[in-house]
Each structure stands twice: as C-alpha cells, then as structure tokens.
Amino acid sequence: MTAPLCTQDYAEQARARLDPSIWAWLDSGGADEHTARANLDAWPTLRLRSRALRPLAGAHTRLTLNGRTLAHPILIAPTAWHGLVHPDGETATALAAAATGTPYVLSAQSGTAIETLAALPEPPHLWFQLYAQTRREDTLALASRALRAGARALVLTVDAPVNGVRNAEQRSGFRKPDTIRSVHLDGLSPPAARTAPPGGSPLFDSGLLDAAPTWDDVAWLRHRLPADTPLWLKGILDPEDARLALAHGVDGLIVSNHGGRCLDTLPSTCEALPAIAQAVAGRIPMLVDGGIRRGTDILKALALGAQGVLIGRPALHALAVGGAPALAHLVQILRGELEVAMALTGCRTLADVDADVLY
C-alpha cells in the first residue's frame, strides 16, 4: 500500500482497515446523505484566480484567534470516540495536534478526559466542545471543568437537539462497544425520557425535547462564564441566527451542518457561509467545517469570510491509518496545499485572501 498523498488517500485506506459498521458510523450522513455529499461537492465548484508576479517574500499562514497566534488556520473538529478507530484514541489526536500547532476542539463525547490530554508532556492547544445538558448546572459544571483543565475556548454545539435520521449507520448494525464511553458525561443527569402514550409521537411525547437548549440558555451560560472566556457557537447555518448570536455576546461562530449528519437537504456550508459572513460583518471571527479536503478548499473558505476551518472525518481517517504520525502528516499535507494555493493566487499572508481570490 502506497503512502497517502492527500486526504482522499487516507479515506480510502481507512475504509479498507475499519470494520464496515464503524466506517458507516464515521463516514455516513443523515437520511439520504444529500447534505453530506453537498459538503464535498460544493467547494470544487468555486474557481480560483491565478495571479502572477505578486511579491511573496516573507509569506506565512499565521493568524490570531481568541487573542492567540496560531501557525495556520486548520483546527481539529470535535468528534466522538476516537478509540473506535485507533487504540490510543484522543491521546493520539492530541499528540498530532501538539506536534503541528493545531488547535484541537475536544468533544464532550470523547473517550479520554481533558485532564489526561492537558497533562501530556507537550499538551495541545485545547478547546472544549459543550452540549447543553438536561440541567443547566451540569452544563456549567462541564464548562468549568474544561476551563480548570486549561481549555482556551468553549464551543457550544447548537444544531443537534436530537440526532438526525442515520439510515446508513442503522443498516450497518453499528453498536458502540461497552469499552468506550463518553467520560465527561459520567455523573451528569441524562435526559428525562418517558414512554409515549399509545398512538403518541415517539419524539414530541417522549420528553427528549423538554430540555432542548434555547437562546435563553446561551445568555445564561454567557453570563455565568468568566468574562474573558471565549464562547463559540457551532452549528450556525442561517444569517438570522448569526445576528442573534451577536446579540447574545457570543465570541465566535462555527458555520456547520454537523457534517450532514443531522437534517438532510440543508445547504452545504460552502453555500451558507457568504450570507453568514455578510450578517456578521467582521464583528466576531468565524470558522467553517464540512467537506474540507484540500488546501484549495481552505483558501476558498477564507475568501468567503471564514478565518479558519475545522477537519472532522479526515482527522479520523488518518488516525485509523497510522495514529498520531499519520494525523500530523495529514495536517501538514493540508497546510502545504494551502501554501501552494496562496502562492499561486498571489497571497502572501492570510490577510491577502478575500473575495478577489475567487474567479
């Protein structure tokens, strides 16, 4: 088997290595997977402008987020249960992130505690993903735990009050092994589900939506966090929600459709990003995920108004193929591709990347 040269190579090799049911959990989308495919298909439809003879001396990919300088605009997205694809799980991901200067947004559903990753000899630049819990006190306790462990930002995922319809995963017979659990959720109150009455709604009469988060919960959390804690919302796909986020004191947005795993037939993040960027108008930073597979995709995301991108599935593909070294290699591939794209479009720094890069 030849060494991977791009994200697609890693995806193909990961599929060959993983149990089919784990692959279905990892790589499938919601329902008929229209949105999951759209995420992949949309970025290549944008064309770039080739610019010649631009000054490129001193070129770099540095940027500032949350007041900290980062080496490049790639982050590792929050995804659950890395132990399903590699025995070292999130520890391997953290090692790769530290080695490449890549911020790692640790999932609330990770199988490794944030304290363990923060105690590594060379810990990564950690952010922490939150899901609103049934009790507000549990949400705040989880946030406080992450901050005590050194998380440099909190990312509240807001686009999944319930799971999407995941038929491919269901058909595969996927079941999470008992050896893997979401360690950060230990001791927290589970949703107070109840049995629907005969003929009743399996969702609306189950109680599962009784504690679904609202903008009031965002305001409550923002008010109770330390004032200097960056609070990001992940899962914003509509300009009106972006404006509401600004009104609620949010510090950053992640434009995301949950990898196409929740509501099918949503627009791709590439399609949604420009209108959200217009609504935000540079007042807070934005990141985007969904279908990022090439350095040219990253450049296009920046041209449409994002400050950086997150990679989810590609990180797990690389982890499945070769653990921490493979993931570090994947990040370096994407960074190298971004640098080539910047050079060939005449962009010396990320500040030079704007809509004029697009043809």
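**View 1. Strand β6 is covered on both faces.** In this predicted model, L154 and L156 of β6 lie on one side, V155 and T157 lie on the other, and all of them are buried. In a regular strand, side chains alternate between the two faces of the sheet. Strand β6 spans residues 154-157. Its neighbour β7 runs parallel to it, and four bridges join the two.

**View 2. Strand β5 is enclosed.** How many of the five residues of β5 are buried? Five of the five are, so the strand, residues 126-130, is largely enclosed by the rest of the structure. Both faces are covered. L126, F128 and L130 are buried on one side. W127 and Q129 are buried on the other.

View 3. Strand β4, residues 104-106, pairs with β5 in the parallel sense. Three bridges link β4 and β5. V105 stands opposite W127 in β5. Strands β5 and β6 also run parallel, and three bridges join them. Here F128 stands opposite L154 in β6. Between β5 and β6 the chain passes through helix α6, residues 136-148. This β-α-β crossover is right-handed.

View 4. After α10 comes A281. The phi of A281 is positive, near 55°.

**View 5. Helix α10 has a buried side.** The buried residues of α10 are T269, C270, A272, L273, I276, A277, A279 and V280. Why are they on the same side of α10? They cover an arc of only 160° around the axis, which puts them there. An α-helix has 3.6 residues a turn, so residues three or four places apart point the same way. On the other side of α10, E271 and Q278 are exposed.

**View 6. Strands and helices surround the buried side of α10.** The buried residues of α10 pack against several elements, including the strands β7 (231-236), β8 (252-255) and β9 (286-288). They also pack against α3 (34-45), α9 (239-247) and α11 (295-303). Strand β7 is also the parallel partner of β6.

**View 7. The cysteines form no disulfides.** With a cut-off of 2.5 Å between cysteine sulfur atoms, the count comes to zero disulfides. How far is the sulfur of C6 from the closest cysteine sulfur? The distance to that sulfur, in C270, is 19 Å, too far for a bond. C262 is in no disulfide either. The nearest cysteine sulfur to that of C262 is also in C270, 20 Å away. Are C6 and C262 buried or exposed? C6 is buried, with a relative accessible area of 10%. C262 counts as buried at 12% relative accessibility. C270 is one of the buried residues of α10.

Notes:
Residues are numbered from 1 along each chain as its sequence is written. This is a predicted model: local features need pLDDT of at least 70, side-chain atom pairs count only at pLDDT 80 or more; totals for chains, interfaces and linings use all residues. Side-chain values use heavy atoms; hydrogens and water are left out. Buried means under 20% relative accessible area, exposed over 50%, partly exposed in between (1.4 Å probe, protein chains only). The arc is that of the directions from the helix axis to the C-beta atoms. Contact means heavy atoms within 4.5 Å. Two strands pair if DSSP finds at least two bridges between them. A crossover is right-handed if, with the strands pointing away from the viewer, the path from the first strand over the helix to the second runs clockwise.
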